[in-house]
Amino acid sequence: MRLLTKCPDCSIALELSIADADRRKRCPRCGKLFRLPDTDALHKALTLLQSAQCDVYVDEKGNVFG
Ligand SMILES: [Zn+2]
């Protein structure tokens, strides 16, 4: 499962592992260190999506899109 998000600084699209959720990552383009959201909504979405093997998109505010 991939975790798709974007840098809050330069808005570059980033493709990360779901294992990176709730970790701090450095943007490969601008070098900004930012924290990936780890919200209740994300956990709920992951629970729902685990069996479906879908990608999940989360924006810098923690909004989750399946
Ligand atoms: Zn960036």
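Strand β1 and strand β5 (residues 56-58) pair in the parallel sense, with two bridges between them. Here a strand is a DSSP run of E at least two residues long, a helix is a run of H or I of at least four residues, and both are numbered from the N terminus. Two strands count as paired if DSSP finds at least two bridges between them. This is a predicted model, so to speak of local features takes a pLDDT of at least 70, side-chain atom pairs count only at pLDDT 80 or more, and totals for chains, interfaces and linings use all residues. Residue numbers start from 1 along each chain as its sequence is written.

Leu4 makes a handy way into this pairing, as it sits in β1 (residues 2-6). Its bridge partner in β5 is Tyr57. Over in β2, Leu4 stands opposite Glu15. Strand β2 (residues 13-17) is joined to β1 by five bridges, and these two strands run antiparallel. Together β1 and β2 make a hairpin with six residues between them, and in the turn Ser11 has a positive phi of about 65°.

Stepping back, β1 belongs to an open sheet of four strands, ordered β2-β1-β5-β6, with mixed pairing. At the edges are β2 and β6 (64-65), each of which pairs on one side only. Strand β5 is joined to β6 by two bridges, and that pair runs antiparallel. Across it, Val58 stands opposite Val64 in β6.

In a regular strand, side chains alternate between the two faces of the sheet. Buried means 20 or more other C-beta atoms within 10 Å of the residue's own, exposed means 12 or fewer, and partly exposed lies in between, with C-beta atoms placed from the backbone. Leu4 is partly exposed, because it has 14 other C-beta atoms within 10 Å. Neighbours within four places in sequence aside, Leu4 is in contact (C-beta atoms, placed from the backbone, within 7 Å) with Ala13, Glu15, Asp55 and Tyr57. Leu4 and Phe65 are 61 residues apart in sequence, yet 9.6 Å apart in space, C-alpha to C-alpha.

As for confidence, pLDDT is the predictor's own score for each residue, from 0 to 100. The protein has a mean pLDDT of 79, and 76% of its residues reach 70 or more. Confidence is highest in strand β3 (residues 24-26), at a mean of 89, and lowest in helix α1 (residues 40-50), at 67.

Definitions and conventions:
Two residues are in contact if their C-beta atoms, placed from the backbone, lie within 7 Å.
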